[in-house]
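Hi,

Here is the structure I said I would pass on. Please have a look, then read my notes below.

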Amino acid sequence: MIFLMATGFIAKQTGLLALMLVGVSVADEPELRGVWVQNHDLNSPQKIDEVIQRAETGYFNAIFANMFVHGQALYESDLVQKHIRVEPGFDPLAYLLKAAHQRNIKVHIWFVNGPIAFNGQSSVLASHPDW
C-alpha cells in the first residue's frame, strides 16, 4: 500500500509550477519528489537546462513535462506538427530526457487532453477532417 501526500506552488518569477508527491510504502520504494513543468518552459535548450537546474537545486528527482498542447508536439512526430514555439531541428523531449537522466532525474510526460487548436487553428483537424 502506498500513501501519497501532494503539495504545490508556483514560483512568481518563472511561472514554474511544482507539485511535490511524497510517497511511503511498505515496500520502501524511493520517495518521489516531482516538479510539474508547462510546455513554455520546455521549448529551448536554455529553458530546459534552467528547469533541470532548478529541479536539482530543489532536490526533486522527477520532472513531469507537458509535451503536447493545443494539438502540437514538443517532440518529433509523424502524426502532428511541432509546436510553433519550438525551433526547427530541435527536439525538446530528446534533449530533456538526455539532460535529466545525466543527473539521475526521471522524466514523466503528460499531455493536455482536450483542446487541439492554437489561436483558432488546428493542424490536427486540418490534416484529419474525418475525425
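This is a predicted model: local features need pLDDT of at least 70, side-chain atom pairs count only at pLDDT 80 or more; totals for chains, interfaces and linings use all residues.

The overall picture: the chain has three helices and six strands. From the N terminus, their order is β-β-β-α-β-β-α-β-α. Of the 131 residues, 38% are buried. Take the contacts between residues at least 6 apart in sequence: 54% of them join residues at least 24 apart. The accessible surface comes to about 8,300 Å². Carbon and sulfur atoms account for 58% of that surface.

Now helix 2, which spans residues 92-102. Its buried residues are Pro92, Leu93, Leu96, Ala99 and Ala100. They sit on the same side of helix 2, because they cover an arc of only 140° around the axis. What do these buried residues pack against? Their partners are helix 1 (45-57), strand 4 (62-69) and strand 6 (106-111). The face turned away from the buried side carries Lys98 and Gln102, both exposed.

The ends of helix 2 are worth a look too. Asp91 caps the N-terminal end. One of its side-chain oxygens lies 3.2 Å from the backbone nitrogen of Leu93. Just after the helix, Asn104 takes a positive phi of about 60°.

Last, Gln72. It belongs to strand 5 (residues 72-73). Is Gln72 buried or exposed? It counts as buried, because its relative accessibility is 4% and the cut-off is under 20%. The Gln72 side chain reaches the backbone nitrogen of Ile84 at 3.0 Å.

Best wishes

Key
Residues are numbered from 1 along each chain as its sequence is written. Side-chain values use heavy atoms; hydrogens and water are left out. Buried means under 20% relative accessible area, exposed over 50%, partly exposed in between (1.4 Å probe, protein chains only). Helices (H or I, at least four residues) and strands (E, at least two) are DSSP runs, numbered from the N terminus. The arc is that of the directions from the helix axis to the C-beta atoms. Contact means heavy atoms within 4.5 Å. A polar contact is a pair of N or O atoms within 3.5 Å; within protein, one must be able to donate a hydrogen and the other to accept it, and residues adjacent in sequence count only if both atoms are side-chain atoms. Accessible areas come from the Shrake-Rupley method with a 1.4 Å probe; for residues, only the protein chains shown count as cover.
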